[in-house]
Amino acid sequence: MKHFPLTRIPVFVATATAVLTLTLLSCTSLEPLAVQSEPVQRVETEDYAIRLEFMDEAYLKALHDNRNNTFIAPDRLLNERFIVFDLEVESKSDTYFAIENRSIELAYEGRVVSPQNRFHFGLFWDNQDEQLGSSTVQARRRQTMINETLPPNKLEIEGGSTDGGYLVFRGRFPQYGTAVITLRMRDLSGRPTATHELEFTF
């Protein structure tokens with residue numbers, strides 16, 4: 001049986017550790033999604049207009065923060081990513097419209113998810129900030145940003161007004177494919193009035 005000299009053991013262990021570390025980093029680091037189709041999709045009716053824009057990582061970093069960005073998934077989530085869209089709904093009549101968060105869907109290569117709501121996304125970042133050792137001020141600032149940018153559970157658009165917010169989808173999404181976002185409009189009584197599907201190719 002072959003024996004390693006004692007002086008070679010630390011070198012061997014260090015090399016193995018470095019390889020393992022690089023392997024783990026390669027597993028957790030994902031390439032940013034790049035939209036191949038038009039990044040802004042629109043729906044126009046007589047009563048309302050919908051604008052949905054894909055927000056890539058470069059845009060999100062420019063708007064918010066270059067490191068520890070609230071809208072970019074941390075590497076340690078193990079191949080999980082956020083897909084973020086900016087939704088804007090404009091009422092062009094006196095009619096009231098509403099979109100419920102739970103009725104919105106993203107279908108992407110066999111994966112179907114609803115957007116994060118303020119409570120669950122805030123809870124997720126509470127846990128992350130605790131692990132990161134973020135200051136109380138930083139954590140509060142992040143929670144304020146979440147409440148200001150994500151729409152409420154029921155987005156209400158009164159006649160002649162405009163409203164919206166970020167739709168943040170979280171999951172193990174592939175690098176390439178076609179994403180279809182389904183938006184269901186409701187009237188004042190809660191009755192569904194229309195369903196719209198907007199498609200983005202990555």
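1. Strand 3 and strand 8 are antiparallel partners joined by ten bridges; two strands count as paired if DSSP finds at least two bridges between them. Within this pairing, F82 has R170 of strand 8 as its bridge partner. Helices (H or I, at least four residues) and strands (E, at least two) are DSSP runs, numbered from the N terminus.

2. This is a predicted model, in which local features need pLDDT of at least 70 and side-chain atom pairs count only at pLDDT 80 or more, while totals for chains, interfaces and linings use all residues. Residues are numbered from 1 along each chain as its sequence is written, and side-chain values use heavy atoms, with hydrogens and water left out.

3. The open sheet has four strands in the order 1-2-3-8, with antiparallel pairing. Strand 1 (40-44) and strand 8 are its edges, each pairing on one side only.

4. The largest nonpolar core has 27 residues, and I83 and F85 touch the most other members. A nonpolar core is a set of buried Ala, Val, Leu, Ile, Met, Phe, Trp, Tyr and Cys residues joined through side-chain atoms within 4.5 Å. Buried means under 20% relative accessible area, exposed over 50%, and partly exposed in between (1.4 Å probe, protein chains only). Among the strands that each supply at least two residues of this core are strand 2 (48-55), strand 3 (81-91) and strand 8 (162-171).

5. Beyond its neighbours within four places in sequence, F85 has contacts (heavy atoms within 4.5 Å) that include L52, F54, L167, F169 and I181. A second, separate core has 15 residues, including M55, F124, I146 and V168.

6. Which residues of helix 4 are buried? They are A139, R142, Q143, I146 and T149. They lie on the same side of helix 4, because they cover an arc of only 145° around the axis, the arc being that of the directions from the helix axis to the C-beta atoms. These buried residues pack against helix 3 (118-132) and strand 8. On the face turned away from the buried side are the exposed residues T136, V137, R140, R141 and E148.

7. Two residues in the loop between helix 2 (57-63) and strand 3 deserve a check: L78 and N79. L78 is not a glycine, yet its phi is positive, at about 60°. N79, also other than glycine, has a positive phi near 65°. L78 is partly exposed at 46% relative accessibility, and N79 is partly exposed at 34%.
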